[in-house]
Amino acid sequence: MASTDIAPRSGGRLLVDQLLVHGARRAFCVPGESFLAVLDALYDVRDTLPLVVCRQEGGAANMAEAWGKLTGEPGLCFVTRGPGATNASIGVHTAFQDSTPLILFIGQVGSDFVEREAFQEVDYRRMFGPMAKWVASIDRADRIPEFVQHAFHVATSGRPGPVVLALPEDMLTQVAQVPDARRYVRVQAAPSAAQVERLGELLAGAQRPLLLVGGSAWDDASRASLQRFAHRFGLPVTCAWRFQDAYDNADAHYVGEVGIGINPKLAQRVCDADLLVAVGVRLGEMTTGGYTLVQSPTPAQRLVHVFPGPDELGRVFHAVLPIAAGAREFAAALELLSVGPAAQAARWAGWLRDAQADYAAWRVPRAQPGTLSYPECVLHLDATLPPEAIVTNGAGNFATPVHRFHRHRRHKTQLAPTSGAMGYAVPAAVAASLAHPGRVVVAVTGDGDFLMTGQELATAVQYGATPIVLLVNNGMYGTIRMHQEREYPARVYGTALRNPDFVRLAQAYGCHAERVTETAQFPAAFERARAAGVAALIELVIDPQAITAGQTIDEIRARALAARAG
Ligand SMILES: Cc1ncc(C[n+]2csc(CCOP(=O)(O)OP(=O)(O)O)c2C)c(N)n1
Ligand SMILES: [Mg+2]
């Protein structure tokens, strides 16, 4: 409904005004001529909605994804058509797998040229269809308020995830007289009283219950409710892969992470549990040991599965009690559940004690080959980092010791891609440092992982972000080498890396940088990096034999060769 009282606005301005309506505080981009009208409108709001210009769209999309994970608001990313969109797709995929709210805006060919395979033209509905919650093109400026409010609702409600909106170039310069939309309201279902009661009954009948929590939708209040629930019932608590900050890892009831490189005793415990209460997590391949710890379609454990997206319930695993609810809403309802006369906690006190002992033993690293023990460095961080410090990582074997030896105490202190995407650590840390300038932010990366998006150190320096990058250098794509030695022992190919001088490279970006080759050097080096006042990089040179915290390459190779011989 056009009204003469309403000022005419261009599509670009209408779009930016809607972002402000929805509370947007920052956007990430690599510019393109396809959305100049948006850039121009952003110019006028540069103080309230600052724009972070990145060096590659993969970096920008990862930053927006990390922002979404950290804040619960959709991360906002603007990229140009064709190559900009293809570069940015990694962040959309991670947002999908990690259930993170994200809105990717893509400058698009004008409606006058559409469907001609014009310059950089791509059909985004087909390209992003399977990895976004909603893909659309805003073809009329007067419908921008409607589309943008829908995008914020879709991205944040139910199972959160990415939305992709294409912006035809000519639409952005069209003028329309329409009112702003109202600010979006996140929609989440809550469990019914009957479902909570049924959970109480299942607990009353259990001998070996286990809580498995995950997802990034938690907040302080819901974490506290969950912790009280775990304490009241004496439950052991595990966190799903790369969602360790859903529960205080230093709490006595925390017994470890269910993910890649899981403590074998914990893996056995997941199998032995008779009641598995999974909250906020999909139960993906990496959290179920490749669907072995929890079997599809009928798990051996009685499964209570709480997840905000009903489509996921019963998709892979039959739950005796499926509950479509947000983690926060579920945690609030747990306050109503009191321990019954059966005094369950006493019944499984031994089960909890054993799980605690297994976890304590798992946190003692074995001696590493070479002069630098990377697990000891992580333990140093665990002992000395402030509890609100944020730790990010990308993909590689270097990540596993972080998950094993660093304990996340507070909410929103972990940014880690369950998509397993390399190149996440640095951009996520830049976004985290911009979101929380006062906090220590550590990006843990490998020599392979770093060079996928390391150029975003330039972005960090440009905007005064101060992440500390720990680059674990073993001169190879170690993860793939590990698999190679297992499957094709002693036939090393395609996994060795000849690397640049990482210290000089980081210095060239304007970072503080140093190299550490001995464990004892690490604490002082880390303090210097913290004090540097600029983004910093510490290269940790590890012995290539130290392929995992528990095994050397030679041991893996010998075992694989022996298996073939025998
Ligand atoms: C974008 C992307 N490309 C490829 C892979 C496959 N991959 C997983 S880990 C890895 C090697 C990582 O190497 P590095 O960062 O040096 O860590 P390391 O395993 O040596 O500790 C590769 C190539 C991936 N997960 N993501
Ligand atoms: Mg490596």
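Tutor: A pocket is an open set of grid points with protein on both sides within 12 Å along at least five of seven lines, and in this predicted model the second largest pocket holds about 290 Å³ of space.

Student: Which residues lie closest to the centre of the second largest pocket?

Tutor: The lining has 20 residues, and Gln108, Val114, Glu115, Val122 and Asp123 are the closest to the centre. The elements α5 (124-128), β6 (134-137) and β7 (162-168) each give two or more residues to this lining, which by class has 8 nonpolar, 4 polar and 8 charged residues.

Student: Why does Asp447 count as buried, and why does Asn474 count as buried?

Tutor: Buried means under 20% relative accessible area; Asp447 has 2% relative accessibility and therefore counts as buried, and Asn474, at 14%, therefore counts as buried too.

Student: Why does Ala357 count as partly exposed?

Tutor: Partly exposed covers the values between the buried limit of 20% and the exposed limit of 50%, and because Ala357 has 45% relative accessibility, this residue counts as partly exposed. Ala357 is found in helix α13 (residues 349-362).

Student: What makes a set of residues a nonpolar core?

Tutor: The residues must be buried, must belong to a list that includes Leu, Val and Phe, and must be joined through side-chain atoms within 4.5 Å. The largest nonpolar core has 57 residues, and those with the most contacts inside it are Leu199, Leu203, Leu211, Val213, Phe229 and Val304. A second, separate core of 54 residues includes Leu102, Val426, Ala465 and Val503. In soluble globular proteins, nonpolar side chains tend to be buried together.

Student: What makes a space a cavity, and how many cavities of 30 Å³ or more does the search find?

Tutor: In a cavity a 1.4 Å probe fits but cannot get out, and the search of the whole structure finds 6 of them at 30 Å³ or more. The largest cavity holds about 110 Å³ of space, and its 15 lining residues include Gly256, Glu257, Trp362, His403 and Arg404, which lie nearest its centre.

Notes. Residues are numbered from 1 along each chain as its sequence is written. Chains are lettered from A and ligands numbered from 1 in the order in which they are written. This is a predicted model: local features need pLDDT of at least 70, side-chain atom pairs count only at pLDDT 80 or more; totals for chains, interfaces and linings use all residues. Side-chain values use heavy atoms; hydrogens and water are left out. On a 1 Å grid over the protein atoms alone, a cavity is a set of points where a 1.4 Å probe fits but cannot get out, and a pocket is an open set with protein on both sides within 12 Å along at least five of seven lines; lining residues have an atom within 4 Å of a point. Grid points are joined across faces, edges and corners, and a volume is the space filled by probe spheres set on the points. Helices (H or I, at least four residues) and strands (E, at least two) are DSSP runs, numbered from the N terminus. Ala, Val, Leu, Ile, Met, Phe, Trp, Tyr, Cys and Pro count as nonpolar, Asp, Glu, Lys and Arg as charged, and the others, Gly among them, as polar. Buried means under 20% relative accessible area, exposed over 50%, partly exposed in between (1.4 Å probe, protein chains only).
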